[in-house]
Amino acid sequence: MNEIIRTENLTKTYRLGETGVKALRGVSINISKGELVSIIGPSGSGKSTLMHLLGCLDTPTSGKYFLEGEDVSKLNDIQLANIRNKKIGFVFQMFNLLPHLTVLDNIILPVVYNAKSNLREAERKAMKLLESVGIEKRAKHLPAQLSGGERQRVAIVRALINDPLIVFADEPTGNLDSKTGLEIIKILKELNEEKGVTEIIVTHDPSITQFTHKIIHIRDGFIEKEIENGHVANAEEIKK
Amino acid sequence: MKIARIIKMSLNSLKINKMRTFLSMLGVIVGVASLILITSVGYGAQYSILSNIQSLGSDVIIITPGQKTNLFKAAMSGTSTVLKPLTYEDVKYLKRKLPDARISPESRIGTDVKYGNSTVSTTSVGTNADIFLVSNYKIDSGRAFTDQDINGYRNVCILGATTRDNLFGNVDPVGQNVKINNIKYLVIGALKPMGSMGMMNLDDIIVMPITTLQAHTRVKSVQVIYAKAMDDMPMDVLGARIKSLLLVRHGTENFSINNEQQYIDLAKTVTDTFTLMLTAIGSIALIVGGIGIMNIMLASVAERTREIGIRKAIGARNIDVLLQFLMESTFISGSGGIIGIIIGVTLSLLVPQTFIPTHITSTSIIIGFSIAVLIGIFFGVYPARKASLLNPVEALRYE
């Protein structure tokens, strides 16, 4: 499999007043195309920081980050924004939909920030994706009119609209009840199995890791262990 | 990023909080409305002054009723309202005493002129035959006035170029009859075009004997007297002689003697004063308005930190966020400018013209709108820049 993410000794130190807080203390990982990876660790372990760095929302204090072979650790704000727009999709715990935009407008927002694309085409594609997650009738609704599970589906569709290289999901089930959470996991799992989308799920819920190929345990800014999952549960096994 | 989408998004954000949007517009509305109102009063005053002078030669003396110290007031209120007016008798007296000078009266009044089925509104100018020597009235076709026309109260008239074109088109007007207040006037000539002075079209007139004008209208006085020496008598000598002659007739100095340059200087002083007032009042109101917009935009940036984080996470560049917020502040100030213009123009039109003459120009409207837009950009840059420089990770964490 081709490698799409490689990091070498990534560190991140936040300045808090006089002292620096070392959120990451040297993380080296490899992720290949089509992989479904979970990053797990307790809160404060640095897993969110790692996701922010991998998602190009932030730059490392030191170390190198290669995305598709390109060193992105030294890119400027504009270049990072372009990478986030074209190569990365985010699914957040808080859904992070814009409350005043309709579902459809939320979904095509990444396309609006992409100068080369066609909005009409994007709208057609958005409708198709909404259909595939079963909420095409909600296209003209506002996020507040949707249930949590529906909102997270909208967020997943938004993450997919620009055909990203990787989808990052930060605690995607954190704000959902367990049944709805499983449905969301199932959608993410199917995307990986059927469309080959590379996905990185950040979570503190061990039950989610059973569906992923690779499980990265993070603690105190280090990789505690990295497990290749020998018995990946497939989407069909997720309880209805 | 698509510009149409940016505009749509900005409008959307403003619609969400209509009351706040309106309140932030208010300062700009007041600023632009006062700016429009003040300029229209300023131009109105200038117009009123300029309409009392024609484009004369620099060797022409202008005699107006009212004392010199009140020249400004006289010009502002229109000379016809001054208590002790000049009369046509004064003109005849001066002509008798100064046979070497050309002396010409002038009185003006708004008039509707009818020819066939068409009617035009213009200004009647009552004068005498000397006007062709003291002013730049030049006969284009037909003939000038004779003393017989003046002394005989004849119903004859000479058309300004604009009036001729409006009433007759390409037809030769000489020999035709026009009607003013159902009284027939014979057109004896037409003037060459003289162009415009300030905002006044010098050709939009109909000239007739002062005697005829006084006989048929409520104008009984002479609003201004022009005098010009025909030999090489210096202007100030002629002015001094006129002054002593009129002093004898009037008993007091209830008139003023000036030349054209003094009038133009006065008009300039008045305009400069108004420009200064305009700059002061308008800019204070607009700066206050701009600060209001900045305040609202800063609050809006703080309130929408998370939205900014989301937009950045999905690929908005700093410039995209900057443009969105800048567009919002510019839209607020631009709309405020348009509303201000509407209010300012309405107020200018509502002011009674006899009380304060107002004159609205397209220049003041364009300047008013441009300043409003610039205020939005100027005071919007800081909040917009603040929004655009937010760190996406921190912005996303914001509750």
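Predicted model: local features only at pLDDT ≥ 70, side-chain atom pairs only at ≥ 80, totals over all residues.

Residues are numbered from 1 along each chain as its sequence is written, chains are lettered from A and ligands numbered from 1 in the order in which they are written, and side-chain values use heavy atoms, with hydrogens and water left out.

Strand 1 (residues 3-16) and strand 2 (residues 19-27) of chain A pair in the antiparallel sense over 7 bridges, where pairing requires that DSSP finds at least two bridges between the strands. These two strands form a hairpin with 2 residues between them, and Gly17(A) in the turn has a positive phi of about 65°.

Taking chain A as a whole, its secondary structure comes to 7 helices and 11 strands, these being DSSP runs numbered from the N terminus (H or I, at least four residues, for helices; E, at least two, for strands). The radius of gyration of chain A is 18 Å, close to the 18 Å that the globule rule gives for 240 residues, so chain A is as compact as a globular protein of that length; the radius is taken over C-alpha atoms, and the rule is 2.2 Å times the number of residues to the power 0.38. Along its principal axes, the C-alpha trace of chain A spans about 50 × 40 × 40 Å.

How much of chain A counts as buried? Of its 240 residues, 55% do, with buried meaning under 20% relative accessible area, exposed over 50%, and partly exposed in between (1.4 Å probe, protein chains only).

Moving to chain B, Ser221(B) is found in the loop between helix 8 (210-216) and strand 11 (224-229), and at 16% relative accessibility this serine counts as buried. The C-alpha atoms of Ser221(B) and Ser107(B) are separated by 7.4 Å, although the two residues lie 114 residues apart along the chain.

Finally, chain B is divided into domain 1 (3-48 + 267-397) and domain 2 (85-253), with bounds that come from an automatic or database domain assignment. The centres of these two domains, taken over C-alpha atoms, are separated by 49 Å.
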